[in-house]
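Visitor: I am new to this structure, and I would like to go through it with you step by step. Could you show it to me before I ask my questions?
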Amino acid sequence: MKIDIVSIFPDYLAPLELSLPGKAQAKGLLDIAVHDLRQWTHDRHHTTDDTPYGGGAGMVMKPEPWAQALDALTGDGSTIVFTTPSGAPFTQAMATELSGQDHLVFACGRYEGIDQRVIDHAASIGEVREISIGDYVLNGGEVAALAITEAVVRLLPGFMSNPESLTEESHEGGLLEYPVYTKPASWRGHDVPPVLLSGNHAAIAHWRHDQAVRRTAERRPDLAHPATLVDEGELRLVQPGDAGEIYTLQRACWLAELEANPGVEIPALKETLEDVRRWIAEDTVFVLRSGGRLVGAVRASLHGSSWHLGRLMVAPDLSGRGLGRMLLETIESAAPDEVGTYELFTGARSERNLKMYKKAGYRRGDGDAPPGAVHLSKRRR
Ligand code: 6GU
């Protein structure tokens, strides 16, 4: 990738020679050049600004030097980025998009901005983006160009020594990062949360997800999705009074199963309310509530050293948001110590379920499955 940055304060961009972008340049992944806009001025004072037409406070950057700079630096396929507080907010998705470009030209505005005709002209010679890095005003776009460059460059293939860390990070799933800890386990009277030392991967995943949801809801309510707002307080063991809602929810959920698996006998659709009352009293059952509404449930029971899972259900309007996976992790981590295997049945044609179970580590088991169903199992880690 080639990056050209134009500014009247090129020294501002000196950090690019250091640290991360510096490393990428050394690896040959990146070529950054910083240019002084004043080299495209032709008067004795190297003037780059003038008073605004129509009056008002401040100065506006003149069109001629900018046009000459952009004409000199851009070619076929260049993306011209104007950093301006009136631009579109910079996001991780934008960083990903920009990291796929071959050539970025940053035009760092100062004062009240650049004459609009420069932006209009730029659109005729390249792809134009006007980008802001947040709802506050800086004196110029240089710091924004630095921030955008750093976010983009670390996404270049081959740049990160540990590319897995790119897929796990903040904002990717619309959630902020969970808190992280390293040794020692106890420091100045502060202990690492015990679950992280437990070795129980399902419990750890559940805890981290919950922490991420809490943080997001508290710090960034604008990011928090209603479905992710189902916090730990609303995921609880079943109570007898839940029977009616479970009965209703499973009818709704397994009707879709019947459509996906025509002709297959589905016990969940044959049950009476009395049947539901009986198994919620006997099995380990979790229910998930959102805004008071019962939106999910799952059950399990112990058979020897095997934890038989079933009735994993999520309200149809909330499907595809990770709630099923969360319920699955919850019921797995609730298994007693003697459990060595998780087992379950699902419809042979229930693509969505099969995909989720596969992702969670389940494989075809060797148990007998009822007609139209498959037996899945997973060893406890
Ligand atoms: Cl890109 N430029 C300026 N001057 N101020 C900003 C900004 C950019 N983003 C947020 N504030």
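Visitor: How do the residues of the shell around the ligand divide into nonpolar, polar and charged?
Guide: This is a predicted model, and in it 13 residues lie around the ligand, of which Thr83, Pro85, Ser132, Leu138 and Ala144 come nearest. Sorted by class, the residues of that shell are six nonpolar, seven polar and no charged.

Visitor: Which strand gives the most to the shell around the ligand?
Guide: Among the residues that come nearest to the ligand are Thr83 and Pro85. The strand that gives the most to the shell covers residues 78-89 and provides four residues, and this is strand 5.

Visitor: Is helix 8 roughly parallel or roughly perpendicular to helix 10?
Guide: The axes of helix 8 (residues 243-260) and helix 10 (residues 273-282) come within 9 Å and cross at roughly 115°. Because angles of 65 to 115 degrees count as roughly perpendicular, helix 8 is, relative to helix 10, roughly perpendicular.

Visitor: Which residues make the contact of helix 8 with helix 10?
Guide: Helix 8 passes helix 10 in a right-handed crossing. By class, their contact has six nonpolar, one polar and one charged residues. Helix 8 brings Ala243, Gly244, Ile246 and Tyr247 to this contact, while helix 10 brings Leu273, Val276, Arg277 and Ile280.

Visitor: How many residues does the contact take from domain 2 and from domain 3?
Guide: The chain is divided into domain 1 (2-165), domain 2 (186-224) and domain 3 (232-379), and the C-alpha centres of domain 2 and domain 3 lie 25 Å apart. The contact between these two takes seven residues from domain 2 and six residues from domain 3.

Conventions
Residues are numbered from 1 along each chain as its sequence is written. This is a predicted model: local features need pLDDT of at least 70, side-chain atom pairs count only at pLDDT 80 or more; totals for chains, interfaces and linings use all residues. A residue is near a molecule or strand if its C-beta atom, placed from the backbone, lies within 6 Å of it. Helices (H or I, at least four residues) and strands (E, at least two) are DSSP runs, numbered from the N terminus. Ala, Val, Leu, Ile, Met, Phe, Trp, Tyr, Cys and Pro count as nonpolar, Asp, Glu, Lys and Arg as charged, and the others, Gly among them, as polar. Axes are lines fitted to C-alpha atoms, for helices over the stretch in contact, and angles run from 0 to 180 degrees between N-to-C directions. Angles under 35 degrees count as roughly parallel, over 145 as roughly antiparallel, 65 to 115 as roughly perpendicular and the rest as oblique. A crossing is left-handed if the near helix is turned anticlockwise from the far one by less than a right angle, and right-handed if clockwise. Domain bounds come from an automatic or database domain assignment.
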